[in-house]
Structure formats: structure tokens, C-alpha cells
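Have the structure open as you read.

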Amino acid sequence: MNFLIHINILNTFTGPMIKKIILLLFISLPCFQVFSQSESAAGKQTPEISFETIAHDFGNISKNESVEFEFTYNNNGNRPLIIESVKKTCTCTRVKWTKKPLLPGERDKLTVTFKSKEEGVFYKIVEVKTNADKSPVLLTIRGKVE
């Protein structure tokens, strides 16, 4: 009923071509709603990175000692996960990771190696940038060089 009232109003204010265009928009509007609902119901198609832990404490280590830790991560999304870049806060830290995309449901590791040069407490950050929504992820290592 309201639809017919709108068309009658259009008859008085617009030409025949405009009426057809507006009528077409009214008819196609439910189609757009169906497509948007089906996309949201299916969920967003994206990779999702999840680390088992994002911090590691090496405790006490000796000067000039090299220590490493493997940060394990998963792709819990539904698209391949790609580590785009890794940044570290100092040259005393090295990072190794697989350069190939990680498929949904797969697990891999990122290895952080720290070479102690000076005595004292250390706290280093590794920034992992990926194609996932929650990026970058900050990993930390710390300890005390004696």
C-alpha cells in the first residue's frame, strides 16, 4: 500500500524515465539486502594470527652467550597468513621465520635469537607485521646478562 502511494507521488513530480529508475531501485533493494546478509552470515574471509605466547624470559645468561626461543603461532582464519615484515629493536637480535604463506589451520614458528654483549637487564621487542586484521603483533624477550 505504501509502495503505491510513493508511486502516485512520483507521478506528480517526475517524468516517466525517472519513475522507471526509481521503481527499479525499489524492486532491487531487497536483493542488495540478501547479498549483504549472506556475506556477514558467512563471516569475514581473513587470516588470523595467534601466538601461544608473546613474551619470553631467558632469566640469567652469561655475557657473549647466544640464546634462542621459538614463538609458535597458528593461522586461525580462513585465508592464507603471510608474515610481511619483522622489525627488531637492536642488532643483538636475529629472527628467522618461514617466508611461505601459512594455510588456515596450520602452525609454524618464529625463532628469536639474542646475543648478549653487555652485562645488565635487557628487554627487546620484535614487531611482526602480517596480512591479518590484528597486526602488528609485538613479541618480547627479556633477561639479565651476568
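## Ground rules

Strands here are DSSP runs of E at least two residues long, numbered from the N terminus. Two of them count as paired if DSSP finds at least two bridges between them.

Bear in mind that this is a predicted model, where local features need pLDDT of at least 70, side-chain atom pairs count only at pLDDT 80 or more, and totals for chains, interfaces and linings use all residues. Residues are numbered from 1 along each chain as its sequence is written, and side-chain values use heavy atoms, with hydrogens and water left out.

Start with β3, residues 66-75. Seven of its 10 residues are buried, so the strand is largely enclosed by the rest of the structure; buried means under 20% relative accessible area (1.4 Å probe, protein chains only).

β3 pairs antiparallel with strand β1 (residues 49-51) through three bridges, and here S50 sits opposite N74 of β3. β3 also pairs with strand β6 (residues 107-115), again antiparallel, over nine bridges.

## The four-strand sheet

Now for an open sheet of four strands, which runs in the order β2-β8-β7-β4 with mixed pairing. At the edges are β2 (55-61) and β4 (83-88), each pairing on one side only. From one strand to the next, the twist averages 15°, using lines fitted to C-alpha atoms as axes and angles from 0 to 180 degrees between N-to-C directions.

Within this sheet, β7 (residues 120-130) and β8 (residues 137-145) run antiparallel and are joined by nine bridges. One to look up: F122, whose bridge partner in β8 is G143.

Terms used: Buried means under 20% relative accessible area, exposed over 50%, partly exposed in between (1.4 Å probe, protein chains only).
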